[in-house]
Amino acid sequence: MFPTQPQNTTNKIQYIYSPQHLANSEPNKFAENSLKNGEMSVNLGPQHPSTHGVLRLEVLTDGEIITEIEPHIGYLHRCFEKHCEKLTYAQIIPYIDRMDYVSAMNSEHIYAMAVEKMLNITEQIPKRVEYIRVLVAELNRIASHFVAIGTYGVDIGATTPFLWLMRDREHILRLLEWLTGARMLYNYIWVGGLYYDLPIGFEEKCKEFLDYVLPKIKETENLMINNKIFVVRTANVGVISLDLAVNYALSGAVMRGSGLKMDLRKKDAYSVYPELDFDVPVGTGAMGTQGDCWDRTWVRLQECYESIKILYQCVEKLQKEHKRTTDFNPQAFVPKKIRPEKQFLYFRGETPKGELGFFLQSDGKSDIPLRCKVRSPCFVNLSVLPAIAKGVLFSDLIAIIGSLDFVMGEVDR
Amino acid sequence: MIALLFFLPFIAIFALAGVYVERKLAGFIQDRLGPMETGKFGLLQTVADIIKLLTKEDIIPQKADKFVFKLAPLVIFVSIFAGFACIPLTATMVGAGLSVGVFYVLGIISLDVIGILMAGWSSNSKYALLGAMRAVGQIISYEIPLGLVVLCVVMISQSLDLQEISYKQGIWIGTNGFYFSAQKIYLFGITPIDITKVGGFLAWNIVQMPFLCIGFVIYFIASLAECNRAPFDIPEAESELIAGYHTEYSGLRWAFMMLAEYGMMLLTSFLAVILFLGGWNTPLPNIGFLALADWTSGMPNTIFGEITAIFWIFFKVFCLVFVQMWIRWTYPRLRADQLMYLCWKVLIPFSLALVMLCAIWRILM
């Protein structure tokens, strides 16, 4: 099938290309001979610097203008859902970390709540545990938004905001490393409790970090979001109208950028979010059209401020109302054996990327789920790409991909 | 001959030092250290990079047009290097004292485009082709405002000779018997205040003819686009086109392209300094008994004169290169159509108006 390597030229030619090779890996939608006059098919990814992982796009371009676009996914497929059918409920948690690896805490939080709901122990979970969960989840939400905004800056061509935000994200990762021992994949939130209580002094350090990061975010806003060149690059680009957003079932910052005030933390009011005071920023089209790339990025940045607001409240509650006590055991309500009754359950929550949902099916006899289906926000948000990226310029395509902020680990699972 | 012997190693060393300084500067702007591991403060980092590039395998894509592919880096490098030939470093040190130096430099810079197109086309890669297409469109467009602004300077100085333009911006006009012993320099060109013996920054073209301040800004923007530097690094936009026209290049050929980019930065900065900022003349004026200009610049053809001239021209050039780097690490990148908008609808009308103004000004002078 493959042409043999000529013996005498091994040092000169490393790889002999043959059109068969492409056919072997993944079928292309557009064949070379079916292209119209002047069209060119460009393969973008999976090793392209701005596809944020291993997304592969088959792009038809007429000069610089995109005429067709076809995403190919599955390069990071790790059989998450199939694995779940062989693992106990508690063992699934580390796998959940590896779905959306930039905001693992949020996914863990939602999964833990889903299983608690199956077991009907939601009411028993101590408030301190819930506040700690929200605290770490919101910290991770800020980290995730920092990655989203920073890498978006790199897509547009500004490297400095990226490194500034990475510097500040580092502080979050160090806090979480202190707490859990891991920088990105924590396995910290357990069904019914937590792995550990907060280490002594964590609340104070957390507050110190919040005081530090607030002016830094403002600085980034001035350098990047309000920059004239950034505005002309992103305003009126990749506009997702509210109709389109609803029809594609988008969620998270992408949906809110289009103007719908939908945040599951408010709408479903799970965990202790009803007790916390925060706003839901929505895109207004301040620089261009409602639902353009600028709006989505702006919404992400505003959400960082809201998360900081939530964090201040959490820290205060954890220092006063739900103080650390010597007899507090975060694992007190962790069930010894997780065996839910026979049922179907769909539970959803808000991750930085959008609505993450777990559909769990149990047979009531085993401690292994029959089926665990994940409704991934990144996958759904990515599906809108071909609809909005038609007829735009090549540079705009990169801007649109970045503004959707997907993590391929969650798209492919 | 001096220029050849001096500039070739100089560009190479400048590229080495420039890469190091740029990385350190980027590190400073981005709140990190930059290279620290190789040598003291990472000073040997670029040397290590060069050794790496020298030892890399020289890959030529199988489907590339091999002859053109090999030729392209040379065309790019040579066209930029040749531009240095008539840059006057001091009052006497100039590679080729052409009487049409400005014309020659602009002409030879344009050849750079052909090399870029050759590189992009011969690579037989779609990204390289897109990059080359963008680069050619960009560089040819930006040569128009650049040329028009340079025309303004030529009108004011009444000369195409870079050495003569330099002489006319300082206190050494009329010395040594050559270059217009009778000519005088007036403050703002038309006022009757004779500043021939005052010199300093007051004699610079941007002060002699205040409208040239706008011209300088236009020139600087256009030169950023000519060098493919941010925010106009659209041809090699790494997040879109991987590396643009040099996507398929590796090893030494790639190093030549990099060298050419830094050479271009240097060349446009030299040209900017000579045309607008007084060339090798000192920026400090003579104020009464404080003869700062006399103290900080020596008579042409003397050793002190040569040393001070070299110092001042490099000081100014490095300031401009620093600003180019600073801009690169601050601003995002424009889009290709926005770049064209800026060129054709903003810069060209302004530079045309400037040409008119300068022409009228010249008549009044």
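Chain A contains 16 helices and 8 strands, where helices (H or I, at least four residues) and strands (E, at least two) are DSSP runs numbered from the N terminus. The radius of gyration of chain A, taken over C-alpha atoms, is 23 Å, close to the 22 Å that the globule rule (2.2 Å times the number of residues to the power 0.38) gives for 413 residues, so chain A is as compact as a globular protein of that length. Along the principal axes, the C-alpha atoms of chain A fill a box of roughly 75 × 55 × 45 Å.

This is a predicted model, in which local features need pLDDT of at least 70 and side-chain atom pairs count only at pLDDT 80 or more, while totals for chains, interfaces and linings use all residues. Residues are numbered from 1 along each chain as its sequence is written, and chains are lettered from A and ligands numbered from 1 in the order in which they are written.

Within chain A, helix 5 (residues 127-156) and helix 15 (residues 394-404) pack at an angle of about 175°, with their axes 9 Å apart; axes are lines fitted to C-alpha atoms, for helices over the stretch in contact, and angles run from 0 to 180 degrees between N-to-C directions. These two helices of chain A are therefore roughly antiparallel to each other, a term for angles over 145 degrees. Thr151(A), Tyr152(A), Asp155(A) and Ile156(A) of helix 5 meet Ile398(A), Ala399(A), Gly402(A) and Ser403(A) of helix 15, where contact requires C-beta atoms, placed from the backbone, to lie within 7 Å.

Elsewhere in chain B, Phe318(B) lies in helix 12 (residues 303-328). Phe318(B) is partly exposed, because 17 other C-beta atoms lie within 10 Å, a number between the cut-offs for buried (20 or more) and exposed (12 or fewer). The C-alpha atoms of Phe318(B) and Gly18(B), which are 300 residues apart along the chain, are separated by 9.7 Å.

Note on methods:
Parallel < 35°, antiparallel > 145°, perpendicular 65-115°, else oblique. Contact = placed C-beta atoms within 7 Å.
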